[in-house]
Every structure is written in structure tokens, then in C-alpha cells.
Amino acid sequence: MNQPPSTTPATPTTAVAVHQVARPDGFPTADHFRFVEGRLPTPEQGTALVENVYWSVDPYHREMMDGAFALNAPLEGRTIGRVIESRAPELPEGALLLHRHGWRTHAVVRPDEVRLLPSYAGVPLSAHLGILGGTGLSAYVALTRIAQLQHGQDVFVTAAAGGVGTATARLGRLLGAGRLIGSAGSAAKVAHLTEHVGYDIAFDYHEGPIVDALRAAAPDGVDRTVDNVGGEHLEAAIDVSRDHARIAWVGAIGQYNSPEPPPAPRNLFDLVGRSIRLEGFLVRDYQHVQQELYDFAVPHIQSGRLGLDATVVTGFDQIVNAFLGMLRGENVGKMIVAATDQADQAR
Ligand SMILES: NC(=O)c1ccc[n+]([C@@H]2O[C@H](COP(=O)([O-])OP(=O)(O)OC[C@H]3O[C@@H](n4cnc5c(N)ncnc54)[C@H](OP(=O)(O)O)[C@@H]3O)[C@@H](O)[C@H]2O)c1
């Protein structure tokens, strides 16, 4: 990777974008990316120029690196930007909006490809990439639509200390979950989950067979699983699922960096014998639930009952490091990159 520009954010006449320059074989490195500086784009009639203030780096970007991301072109990703020059009446200067032209300091956007962000007293702007964004919506949909959580039901969550994992526990608790059981990648994360996030019990999946740890944590089984990892984690979840359990399969972070075909659970037929429902979904098909999430979550954030979990890395020049760090498990909560350490005051 070439060295990122030393001064960020970019000066008003230049913009910087990250390009992918090579396909990874296994775990990606910084050399698969390049920071490219160019002229600040000019908005045409019906568009607006935004300066990005927060970026989301996501596991699905790793999947896109295998082919969906074009090489030597700006990447896509969810980001929050502020309009700094507008030729579209729907996008007034100063407006804060969510769009998908991430991995760059500035972007030209059309009204039909952005969502203007509501402002809620006491709610930080960055929450719109975390609990109020696709991360929180994934957790909320997994619990309410896919798993159809009922009051008092016990829930197992994998990648429990990540963005979706922490949101699942916090929302699950407010939705009336019974015992919350989480798996995570270090002793420090395990302690954090029970001391701060609200999990009743958690375990480090490196410490032995996952199914053994899960059986010990949930000797009477679980009713619901929200699985972010796949493979052995999903196999263990099936193993401890009670009759008529539901498993919401959100993702498979355990296999994105592997060039081998994903390991399927070997006990899939148990779904039949115990009438277990396993269902995957994509959050993009549930945008109609976004307002419901706002209505549910915002009052709880404002009252302090719903905590926010995020690892915020400052500086656009750190976006590649933040992405690779998220894949390595360096985040607790949602991994977010902020343009400055005062980005939340952009509001
Ligand atoms: N279906 C959808 O529409 C949708 C939407 C959003 C996210 N997702 C999926 O949800 C999952 C979580 O996404 P997120 O954005 O919240 O990311 P995240 O959980 O905040 O970050 C990824 C975490 O995965 C864990 N991890 C990495 N490699 C692992 C491995 N080999 N085995 C087990 N854990 C591993 C790491 O934590 P540890 O230290 O604990 O290992 C890391 O912190 C991903 O699978 C993602 O693709 C799906």
C-alpha cells in the first residue's frame, strides 16, 4: 500500500479515495489497497458534494474483495456525509446523510441514492452506522422477524462482541430475552460481554471445541440463535437447540478469509428431528423496518437503557487498518472510522 496522505481530511481542493489494487488469497493485507488523491469533484445539476465524516468497514467488504469490488476504482461502503455544495434542492448544504460512496473523503451523490438522517437529541451521529444503522437493523430483524423472539427465551449469539453481536444482546434484553449466551475471541471480550453488554454468560471460542463450551454454558439448551460466524459455531448452535428452536443466520465471518469452500454443519439433519427453523436473510430486504427500529431504540438510547458499543478509529488514513483490524477481531462493538475526533460535533 502506498502511504496515505499525511494530512486528513483532504484540503478543499483535493479528495482521497481508497482503491483495491489486487485480489487477496486468504487474509488481506494493506498491500491490497492504495490511497489515491485527486481533484475535488464538482456536483452537476441535481447532485450534491458531500464531505464524509464517518465510515463503516464491514465483513461483507472482505467478500467483495474477491470479485465484486472493481480493481483500481473507488470502493463502496456505508458512510455518513455532510453536504458542502449542493445543486439539488432536496439536499441542502449542511444536511447529514447516509450513502454508499464510502472509502473516500468526498463524494457526489444524487437524492435518490441517499437517506437524510434524522436528528435525535442525545443520540450521537455515529449511532447511525451502529445500533441505528445496518448493524442494529440486522440484529433487530434477526430477533424480531427471523428468530421471532418470545419473552423469556434463551438466546445464543456468535461473534457476540462485534457490532451485530453487541446490538443483538442489548436489543434482545429490551425485547424480553431470557438468558443471553455469547461466544467471542478473547478472555477480555468475554469479560466485557458479561460486565458491560448484558450477556449472562460468555466463552472464548479458542479455548476448546465450541460445542463443549456451549453445552457447558447452556446445559438446558437454547431457544434462539443469532449466528454471525457459521461453520462450527452454527453446528454447535444446532446441537444445543431445543425442539422448535429458531436460528437466524446473519453471516459467516468464520469463512470469509478462507479460500476453501465453507465447512457446512454436519448435523443439518437434526433440524428435521427437532423441528428447528434455520433461516438466513439480508438486511437490505428489511429497509421497511428502519422506522420501527428508530421508534423502538431511540427512546431507550435517550433514557440510557440502551448502550452504544463502538470502536472508533480516527482519521481517514486509518480506514484500511480499521478494516483489517475488524477482520482480526480488534473491535468491540461496531468498527467505525471518524474523520476527526470531533466528528460527532458535525451535527
Ligand atoms: N445478513 C446481513 O444482511 C448482514 C448485515 C450485517 C452483518 N452481517 C454479518 O454479520 C456478521 C457480523 O458483522 P459485523 O459487522 O457485526 O462485524 P463484527 O462482528 O463487528 O466484526 C467481525 C468480528 O468477527 C469476529 N471474527 C473474525 N474472524 C472470526 C472467526 N474466524 N471466527 C469467529 N469469529 C471471527 C471478530 O471477533 P472475535 O474477536 O470475537 O473473533 C470480529 O470482531 C458478519 O458475518 C457479517 O457478514 C450480515
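Let me start with serine 275, which is partly exposed with a relative accessible area of 40%, where buried means under 20% relative accessible area, exposed over 50% and partly exposed in between, for a 1.4 Å probe and protein chains only. Serine 275 sits in the loop between helix 7 (270-273) and strand 13 (277-280), helices (H or I, at least four residues) and strands (E, at least two) being DSSP runs numbered from the N terminus. Its phi is near 50 degrees, a positive value in a residue other than glycine.

A word on the source before I go on. This is a predicted model, in which local features need pLDDT of at least 70 and side-chain atom pairs count only at pLDDT 80 or more, while totals for chains, interfaces and linings use all residues. Residues are numbered from 1 along each chain as its sequence is written, and side-chain values use heavy atoms, with hydrogens and water left out.

Asparagine 72 also has a positive phi, near 60 degrees, in a residue other than glycine; asparagine 72 lies in the loop between helix 1 and strand 4 and, at 53% relative accessibility, counts as exposed. Glycine 67 is placed in the loop between helix 1 and strand 4 (79-86), and glycine 67 is partly exposed, at 43% relative accessible area.

Now to helix 9. Of the 10 residues in helix 9 (residues 319-328), eight are buried, so the helix is largely enclosed by the rest of the structure. Against which elements do the buried residues of helix 9 pack? They pack against strand 1 (14-20), strand 2 (33-39), strand 3 (48-56), helix 1 (59-64), strand 14 (310-314) and strand 15 (334-338), where contact means heavy atoms within 4.5 Å. Just after helix 9, glycine 329 adopts a positive phi of about 90 degrees.

This brings me to the aromatic residues, where the structure holds nine aromatic pairs; rings of Phe, Tyr and Trp (its six-membered ring) pair if their centres lie within 6.5 Å, and planes under 30 degrees apart count as stacked, over 60 as edge-to-face and the rest as tilted. In one of these, the rings of phenylalanine 33 and phenylalanine 323 have centres 6.0 Å apart and planes at 80 degrees, so the pair is edge-to-face. That pair links distant parts of the chain, with phenylalanine 33 in strand 2 and phenylalanine 323 in helix 9, 290 residues apart. Phenylalanine 33 is buried at 1% relative accessible area, and phenylalanine 323 counts as buried at 0% relative accessibility. For tryptophan 55 and phenylalanine 316, the ring centres are 4.9 Å apart and the planes are at 45 degrees, so this pair is tilted. Tryptophan 55 and phenylalanine 316 are both buried. Phe33, Trp103 and Phe323 form one aromatic cluster.

Finally, a helix pair. Helix 3 (residues 163-174) and helix 4 (residues 187-197) pack at an angle of about 30 degrees, with their axes 11 Å apart; axes are lines fitted to C-alpha atoms, for helices over the stretch in contact, and angles run from 0 to 180 degrees between N-to-C directions. That makes helix 3 roughly parallel to helix 4, since angles under 35 degrees count as roughly parallel, over 145 as roughly antiparallel, 65 to 115 as roughly perpendicular and the rest as oblique. In the contact, Thr166, Ala169 and Arg170 of helix 3 meet Leu193, His196 and Val197 of helix 4.
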